[in-house]
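Student: I would like to go through this structure by question and answer, one element at a time. Please keep to what can be computed from the atoms.

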Amino acid sequence: MSNDDSLVFAIDPVADGDATDLTVSASDGTRRHYRIRGGDQHDYTAFYDELAADFGTRRPHVVETPPDAPSGPRWKPLLVDNLCDQILCGYGDPAVVKTDEGYVLVATSNDAPDAFPILRSGDLEQWSLAGFVFPEGEHPDWALAGTRIGDFWAPEIALVGNEYWLTYTARNRDHSLSIGLSRAEHPHGPWIDNGAPLLSGGAIDAHIFVDEDGAPTLLWKEDRNGLWPRPLAGFLREHPALIGDMFDSEGDRRTAAFAAAIQPWANGRRPIERFFLMQPLIGAAVANWPRVQAVLTEAKQSTLLEAMRTPIFAQRLADDGRSLIGERAQLLENDQPWEGHLIEGPWITRQLGRYWMFYAGNDFTSPAYGIGVAVSDKLYGPYVKQALPLLRSTSEWLAPGHASVAPGLDGQPQLFFHAYHPGTGGYNAFRALLTVGLAFSEQGVGLR
């Protein structure tokens, strides 16, 4: 391997069933052959770990040990394995609500045949499966479903009047991420879908906040962060001389050069595989975020720069839950160093007469992922963020994220969130359910 950090790569992919045989050549004469054994996260992680060893590109973050977080109240694990064979990847994006009958949890299921497990507990210790929002074969007609086809993410339940509403993310038949809404008389279902998305075209992570007057408001994230990695790779493919201006380390420069080479092939993969292929570039870009944005600004790449903003919006829901009314308002966007290229997963709780928004920032598969907080005197803002994340990775749990808030057994607010076991991470990797107490004050929110 040369010490020249301006390598140019060429790739030659050959499909072999679900696998791909990939030949990678570099301008220093190095040539290696790889086999990507499938289209899952672990297949690409293994490939990129081998590539890093051979070419000095960025290593997958799951093989690295994150720094330990500051000491404080320990997080309590609630669910650390799959309760049944139908739950395939744990409890990502967990939404916990407290009802008259106890606690109810709904969670992301990704492409599992049975979408959105519903769990119940009376004591936050013992949990049992109450069913699924959409059992196999009962998905809404508008949503794509099936292994390696569907993406069922981030369900949330809210009591609106005398009816339970459930919002969720799924892929529309045009493959865009969309937000749907279903309703039921009981939080265990059965759930009756609206029959069409509330929002389409790259909207995810819906949250319903019901204010004191009973009016429901929908919050969501505009999913722009999936729009820039491949275009950035394409831009660098056309302008390789700018790689050195954007990226500080030799490893990140080589990572960017490889992303530029593999981008045309990535364009033809299924959506989640495109993300897997661009993950090292995302990591490199976030690590060099001010430089990347400065170079794109100088190059007048306004479309790319706009895609690197991920706003969270809010808009009033109609009383029947079938449409949005009034004007939408932007409440937050990624503007703190730790947030990197995105924020997502909003959840609002009203405490001390104020509106506290918990949200996640950075790449959900990365140890840099964490949970932030913003507060406002009014539902529609302006919101002021706490400077540092409330939760971030520790040596025991990685990438805490996408939180919900519900009263604990003592009636005090609890934060419920997911995290990965060390050495793991990624789409369809297991995510555990954890909790920690919250303490609100005029100065902010902390842990107890």
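Student: How many of the 17 residues of α4 are buried?
Tutor: The model is a predicted one. Helix α4 runs over residues 250-266. The helix is largely enclosed by the rest of the structure, because the number of its 17 residues that are buried is 15.

Student: What distance does α4 reach from its first C-alpha to its last?
Tutor: At 1.5 Å a residue, the expected value for the 17 residues of α4 is 24 Å. The computed reach is close to that, at 23 Å.

Student: Where does α4 bend?
Tutor: The bend in α4 is about 35 degrees. A proline, P264, follows within four residues of the bend. The residue at the bend is A260.

Student: Which strands stand at the edges of the open sheet of four strands?
Tutor: The order in this sheet is β13-β14-β15-β16, with antiparallel pairing. An edge strand has a single partner, so one side of it is left without a neighbour in the sheet. From one strand to the next, the twist averages 25 degrees. The edge strands are β13 (203-210) and β16 (324-332).

Student: How many residues of β15 are buried?
Tutor: β15 covers residues 312-317 and pairs with β14 (residues 216-222) in the antiparallel sense over five bridges. On its other pairing, β15 meets β16 over five bridges, again antiparallel. β15 is largely enclosed by the rest of the structure, since the buried count among its six residues is five.

Student: Which residue in β15 stands opposite T217?
Tutor: β14 and β15 pair in the antiparallel sense. L218 stands opposite Q315 in β15. The residue opposite T217 is R316.

Student: Which residue takes a positive phi in the hairpin of β15 and β16?
Tutor: The pairing of these two strands is antiparallel, and F313 stands opposite Q330 in β16. Six residues lie between the strands of the hairpin. The one with a positive phi, near 70 degrees, is G321.

Student: Which residue lies over the face of F313?
Tutor: To count as over a ring, CZ of Arg must be within 6 Å of the ring centre. R354 lies over the face of W356 at 5.8 Å from the ring centre. For F313 the distance is 5.7 Å, and the residue is R328.

Student: Is the aromatic pair of F47 and Y48 stacked, edge-to-face or tilted?
Tutor: The structure holds 24 aromatic pairs. In the pair of F47 and Y48, the ring centres are 4.9 Å apart and the planes are at 50 degrees. Planes under 30 degrees apart count as stacked and over 60 as edge-to-face, so this pair is tilted.

Student: Are F47 and Y48 buried or exposed?
Tutor: Ring pairs link F47 and Y48 with F9, Y34, F55 and F258 into a cluster. The relative accessibility of F47 is 2%, and that of Y48 is 5%. Buried means under 20%, so F47 and Y48 are buried.

Student: How many residues apart in sequence are the parts tied together by F276 and Y427?
Tutor: The ring centres of F276 and Y427 are 6.2 Å apart with planes at 55 degrees, so the pair is tilted. Both F276 and Y427 are buried. F276 lies in helix α5 (residues 271-287) and Y427 in the loop between β23 and β24, so the parts tied together are apart in sequence by 151 residues.

Definitions and conventions. Residues numbered from 1 in each chain as written. Predicted model: local features only at pLDDT ≥ 70, side-chain atom pairs only at ≥ 80, totals over all residues. Heavy atoms only, no water. Phe/Tyr/Trp six-rings, centres within 6.5 Å; stacked < 30°, edge-to-face > 60°. Buried < 20%, exposed > 50% of the residue type's maximum accessible area, 1.4 Å probe, protein only. Lys NZ or Arg CZ within 6 Å of the ring centre and 35° of its normal. Pairing = 2+ DSSP bridges. Axes fitted to C-alpha atoms, helices over the stretch in contact; angles between N-to-C directions. Expected span 1.5 Å × (residues − 1). Bend = angle between axes of the 7 residues up to and from the residue.
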